[in-house]
Amino acid sequence: MNKYEVVYIIDPAVEDEARKALINRFNDLIAENGGTVDKVEEWGKKRLAYAIDYKTEGYYVLVNFQGEAELPKELERNLQISDSVIRYQVIKQIERKVGIKPRAVRPAPVAAPVAAPAVEAEPAAEAPVETPAAE
C-alpha cells in the first residue's frame, strides 16, 4: 500500500453539519476502496492566495491515508464532482531509504604552522689558543 495525502478546500458558505458530513463522506470513500485513513486535520477557515469563483476564504482539510494505486483517481473523481469543494490536491508521499549511510566527511587539510624564520646565531669567534712557546 502506498501513502498519500490530500488537501481540499471546502466552500466557507457550507454549514458546519454539512461540512462534517462531507469530510466523513470522503473518509468513508477511502475506507470503501480498501484504504485506511491515518490522520484527518481540519485547518479551518483560511484566506485564499487568490479569489476562486469570487470567494476569498476557504475551509482547509488535510487527510493522510494509505491505499492502492487506483484509490487516488477515485478520490479525485469524487472531489471534482462535489460542488462544495473549491480545490483539491492528492500527493503520493515518498518513503525515504534509511539503510543508506551518508558519505564520510573528509576533514579539511590542516596547513602546517608557519614558524618565524630562525635567526642563525653567528659562530662565536674563538679565542686564539695560546701555545706554549718553546724556550
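Visitor: Hi! How much accessible surface does the protein chain have, and what share belongs to carbon and sulfur atoms?
Guide: Hello! The accessible surface of the protein chain comes to about 11100 Å², and carbon and sulfur atoms account for 52% of that surface. Keep in mind that this is a predicted model.

Visitor: Thanks. What share of the residues is buried?
Guide: Of the 135 residues in the protein chain, 27% are buried.

Visitor: And what is the secondary structure of the chain?
Guide: There are two helices and four strands. Going along the sequence, the pattern is β-α-β-β-α-β.

Visitor: Which strands pair up with β3, and in what sense?
Guide: β1 pairs with β3 in the antiparallel sense, over nine bridges. β2 and β3 also run antiparallel, joined by 11 bridges.

Visitor: How many residues lie between the strands in the hairpin of β2 and β3?
Guide: Two residues lie between them, and in this hairpin Asp53 takes a positive phi near 50°.

Visitor: Let's go inside. How many residues does the largest nonpolar core have?
Guide: That core has 19 residues. Val6, Tyr8, Ile10, Phe65 and Leu75 are the ones with the most contacts inside the core.

Visitor: Which elements supply at least two residues of this core?
Guide: β1 (2-10), α1 (16-32), β3 (55-67), α2 (71-81) and β4 (85-92) each do. α1 gives the most, with five residues.

Visitor: What does Val6 contact, leaving aside its neighbours within four places in sequence?
Guide: Val6 is in contact with Val61, Leu62, Val63, Phe65, Leu75, Leu79, Gln89 and Val90.

Visitor: And which residues are in the second core?
Guide: The second core is separate and has five residues, including Ile9, Leu48, Ile52 and Tyr60.

Visitor: I like rings. How many aromatic pairs are there in the whole structure?
Guide: A search of the structure finds three. One of them is Tyr8 with Phe26, an edge-to-face pair with 5.3 Å centre to centre and 70° between the planes. Since Tyr8 is in strand β1 and Phe26 is in helix α1, this pair ties together parts 18 residues apart in sequence.

Visitor: Are those two buried or exposed?
Guide: Tyr8 is buried, and Phe26 is buried as well.

Visitor: What about Trp43 and Tyr60, how do their rings sit?
Guide: Trp43 and Tyr60 are stacked, at 6.4 Å centre to centre with 25° between the planes. Trp43 belongs to strand β2 (residues 36-52) and Tyr60 to strand β3, so the pair ties together parts 17 residues apart in sequence.

Visitor: And how accessible are Trp43 and Tyr60?
Guide: Trp43 counts as partly exposed because its relative accessibility is 39%, which falls between the 20% and 50% cut-offs. Tyr60 has a relative accessible area of 16%, so it is buried.

Visitor: Which ring does the charged end of Arg19 sit over?
Guide: The charged end of Arg19 sits over the ring of Tyr59, 3.9 Å from the ring centre.

Visitor: Then Asn78: which helix is it in, and what does it touch?
Guide: Asn78 is in helix α2. Not counting residues up to four places away in sequence, Asn78 touches Arg25, Phe26 and Leu29. Asn78 is buried too, with a relative accessible area of 14%.

Visitor: One last thing: of the contacts between residues at least 6 apart in sequence, what share joins residues at least 24 apart?
Guide: In the protein chain that share is 72%.

Technical notes:
Residues numbered from 1 in each chain as written. Predicted model: local features only at pLDDT ≥ 70, side-chain atom pairs only at ≥ 80, totals over all residues. Heavy atoms only, no water. Core = buried A, V, L, I, M, F, W, Y, C linked by side-chain atoms within 4.5 Å. Buried < 20%, exposed > 50% of the residue type's maximum accessible area, 1.4 Å probe, protein only. Contact = heavy atoms within 4.5 Å. Areas by Shrake-Rupley, 256 points an atom, 1.4 Å probe, with all protein chains shown as cover. Phe/Tyr/Trp six-rings, centres within 6.5 Å; stacked < 30°, edge-to-face > 60°. Lys NZ or Arg CZ within 6 Å of the ring centre and 35° of its normal. Pairing = 2+ DSSP bridges.
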